[in-house]
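Biologist: Can you put the model up? I have some questions about how the inside is packed.

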Amino acid sequence: MYLHLGSDVVIPKKSIVGIFDLDTATISKHTKKYLASAEKEGRVVNVSYELPKSFVVCIENKKTFVYISQLSSQTLNKRFSISEDSL
């Protein structure tokens, strides 16, 4: 199964490590440092140029990527749960 992150971006659900709210998660200096490091290393994918609301951490081919989405973490979690229920 896949999770639609917005625009034309879908990712395999099995690769998802976590879905995070950008406003609350970036309060921590550790999260800010992690996101800055990921961006510096080219591991950040912006799904849309709209106002970002969440980020999704994934492991694909033994590499960690961060997807920045304009969709809220609540919306992404609902999509994740709905597709889990339909199995």
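Modeller: Below we go through the cores, the strand pairing and the aromatic rings. Keep in mind that this is a predicted model.

Biologist: Fine. Which residues make up the largest nonpolar core?

Modeller: The largest nonpolar core has 12 residues. They are Leu3, Leu5, Val9, Ile11, Ile16, Ile19, Val47, Val56, Cys58, Tyr67, Leu71 and Leu76.

Biologist: Which strands each supply at least two residues of this core?

Modeller: Strand 1 (2-6), strand 2 (9-12), strand 3 (16-21) and strand 5 (54-60) each supply at least two.

Biologist: And is there another core apart from that, and what is in it? How many residues?

Modeller: Another core, of 8 residues, lies apart from the largest one. Among its members are Leu22, Leu35, Ala38 and Phe55.

Biologist: Back to Cys58. What does cysteine 58 touch?

Modeller: Leaving out residues up to four places away in sequence, cysteine 58 touches Ile11, Ser15, Ile16, Val17, Lys63, Thr64, Phe65 and Tyr67.

Biologist: Why is strand 5 largely enclosed by the rest of the structure?

Modeller: Because 6 of the 7 residues of strand 5 are buried.

Biologist: How many bridges join strand 3 to strand 5?

Modeller: There are 5 bridges between strand 3 and strand 5, and the two run antiparallel. In that pairing, isoleucine 19 stands opposite valine 56 in strand 5.

Biologist: What about strand 5 to strand 6?

Modeller: Those two are joined by 7 bridges and also run antiparallel, with strand 6 covering residues 63-69. Glutamate 60 stands opposite lysine 63 in strand 6.

Biologist: How many residues lie between the strands in that hairpin?

Modeller: The hairpin of strand 5 and strand 6 has 2 residues between the strands, and asparagine 61 takes a positive phi near 55°.

Biologist: Changing topic: how many aromatic pairs does a search of the whole structure find?

Modeller: It finds 1. The rings of phenylalanine 20 and phenylalanine 55 have centres 5.0 Å apart and planes at 20°, so the pair is stacked. Phenylalanine 20 is in strand 3 and phenylalanine 55 in strand 5, 35 residues apart, so the pair links distant parts of the chain.

Biologist: Is phenylalanine 55 buried or exposed?

Modeller: Phenylalanine 55 counts as buried, at 3% relative accessibility. Phenylalanine 20 counts as partly exposed, at 33% relative accessibility.

Biologist: Last one. Where does the charged end of lysine 13 sit?

Modeller: Over the ring of phenylalanine 80, 4.2 Å from the centre of that ring.

Terms used:
Residues numbered from 1 in each chain as written. Predicted model: local features only at pLDDT ≥ 70, side-chain atom pairs only at ≥ 80, totals over all residues. Heavy atoms only, no water. Core = buried A, V, L, I, M, F, W, Y, C linked by side-chain atoms within 4.5 Å. Buried < 20%, exposed > 50% of the residue type's maximum accessible area, 1.4 Å probe, protein only. Helix = DSSP H or I, 4+ residues; strand = E, 2+ residues; numbered from the N terminus. Contact = heavy atoms within 4.5 Å. Pairing = 2+ DSSP bridges. Phe/Tyr/Trp six-rings, centres within 6.5 Å; stacked < 30°, edge-to-face > 60°. Lys NZ or Arg CZ within 6 Å of the ring centre and 35° of its normal.
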